[in-house]
Amino acid sequence: MSNRDIQNTLAVFKREFLAYFNSPVFYVIVIIFLLATNGFTFFFSRILDFDDVSLSTRFFVWHPWIYTVLAPAVGMRLWSEEHRLGTIELLMTMPVSQWQAIVGKFLAAAVVWFIALALTFPIVCTVAYLGNPDSGPIISGYVASYLYALACLAVTSAISAFTRSQVICLVISVFVCFVIALIGDPGFTQAIVNAVPNGWESVVRFVSYFSFMDHFFEMTKGIFVLRDVLYFLSVIVVSLLVTDLGLRSKRA
């Protein structure tokens with residue numbers, strides 16, 4: 001990648017990133033995210049009532065379900081807004097390639113979620129003050145959580161490229177992210193295994209492997225497995241490729 005490519009990508013990134021901060025939606029989503037993570041951790045999981053201060057089962061376990069709704073809320077404007085306002089033609093006439101625009105916009109949304117996730121660190125400080133949690137699962141949990149958020153963002157980006165309506169993009173993205181999460185939920189998977197005929201368990205387990213959940217929970221245990229990291233990176237790359245395909249189909 002040349003310096004010119006990097007400069008063009010950063011120009012799109014800056015434009016999109018500042019647009020988030022100029023919108024009240026960004027602040028509302030971050031506040032909801034912080035309220036949700038704190039509420040689930042301290043009130044639903046009641047982490048302060050137990051000697052076990054594991055954040056994996058009382059903090060990170062809620063993140064996939066929160067991202068199912070809030071990540072699409074951040075990503076729904078990536079391309080739907082450009083289509084609706086008719087500014088996508090203007091964007092594409094700028095001296096940037098389509099891929100530079102895709103990467104720049106995605107990175108802007110990714111940094112937004114990095115900021116939101118970083119703001120949850122006081123929860124870790126509180127738990128560390130009250131107990132002695134293992135740092136390994138905390139580090140891997142944050143990495144897993146961030147990769148999960150990026151995967152949901154990438155899926156939303158792909159859907160956003162095919163629709164002009166942010167509302168439609170949000171609804172479809174939430175549904176897709178929910179299904180992807182649900183098929184990997186241990187309780188749901190076991191219920192399906194119990195319901196299907198003998199011999200179908202391997203099929204159910206195979207399908208659940210493609211869920212974000214399966215790879216997310218493995219990483220929150222404090223063990224970095226390259227397979228799980230590559231899975232999330234593959235989802236992101238494939239989704240951005242679909243985004244490119246969607247934009248090309250709109251321009252055809």
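Glu 16 counts as buried in this predicted model, at 2% relative accessibility; buried means under 20% relative accessible area, exposed means over 50%, and partly exposed lies in between, judged with a 1.4 Å probe and protein chains only. The side chain of Glu 16 meets that of Lys 105 in a salt bridge, with 2.9 Å from N to O. Here a salt bridge is a side-chain nitrogen of Lys or Arg within 4 Å of a carboxyl oxygen of Asp or Glu. The pair links distant parts of the chain, as Lys 105 sits in helix H6 (residues 98–118) and Glu 16 in helix H1, 89 residues apart. Like Glu 16, Lys 105 is buried.

A second salt bridge joins the side chains of Glu 16 and Arg 77, at 2.5 Å from N to O. Arg 77 lies in the loop between H3 and helix H4 (80–85), while Glu 16 belongs to helix H1 (residues 3–21), so this pair ties together parts that are 61 residues apart in sequence. In contrast to buried Glu 16, Arg 77 counts as partly exposed at 21% relative accessibility.

Another salt bridge is found between Asp 228 and Arg 227, whose closest N and O atoms are 3.6 Å apart. Asp 228 is buried, with a relative accessible area of 0%, whereas Arg 227 is partly exposed, with a relative accessible area of 44%. Salt bridges that share partners join Arg 15, Glu 16, Arg 77 and Lys 105 into one network. The structure holds six salt bridges.

A word on how to read these values: residues are numbered from 1 along each chain as its sequence is written, and side-chain values use heavy atoms, with hydrogens and water left out. Since the model is predicted, local features need pLDDT of at least 70 and side-chain atom pairs count only at pLDDT 80 or more, while totals for chains, interfaces and linings use all residues.

Turning to the overall fold, the chain has 13 helices and zero strands. Helices (H or I, at least four residues) and strands (E, at least two) are DSSP runs, numbered from the N terminus. Of the 252 residues of the chain, 46% count as buried.

How do two of these helices, H3 and H9, pack? The axes of helix H3 (residues 63–75) and helix H9 (residues 166–182) come within 9 Å and cross at roughly 155 degrees. Axes are lines fitted to C-alpha atoms, for helices over the stretch in contact, and angles run from 0 to 180 degrees between N-to-C directions. H3 and H9 are therefore roughly antiparallel to each other; angles over 145 degrees count as roughly antiparallel, under 35 as roughly parallel, 65 to 115 as roughly perpendicular and the rest as oblique.

Ser 160 is found in helix H8 (residues 135–160) and is buried, with a relative accessible area of 0%. Ser 160 and Leu 78 are 82 residues apart in sequence, yet 6.6 Å apart in space, C-alpha to C-alpha.

On the surface, Trp 200, Val 203, Phe 206, Val 207, Tyr 209 and Phe 210 form a nonpolar patch, with about 600 Å² of accessible area together. Patches are made of residues with over 30% relative accessible area and no salt bridge, with like charges joined within 9 Å and nonpolar side chains (Val, Leu, Ile, Met, Phe, Trp, Tyr) within 5 Å. Accessible areas come from the Shrake-Rupley method with a 1.4 Å probe, and for residues only the protein chains shown count as cover. Val 203 belongs to helix H11 (residues 201–209) and is partly exposed, with a relative accessible area of 38%.
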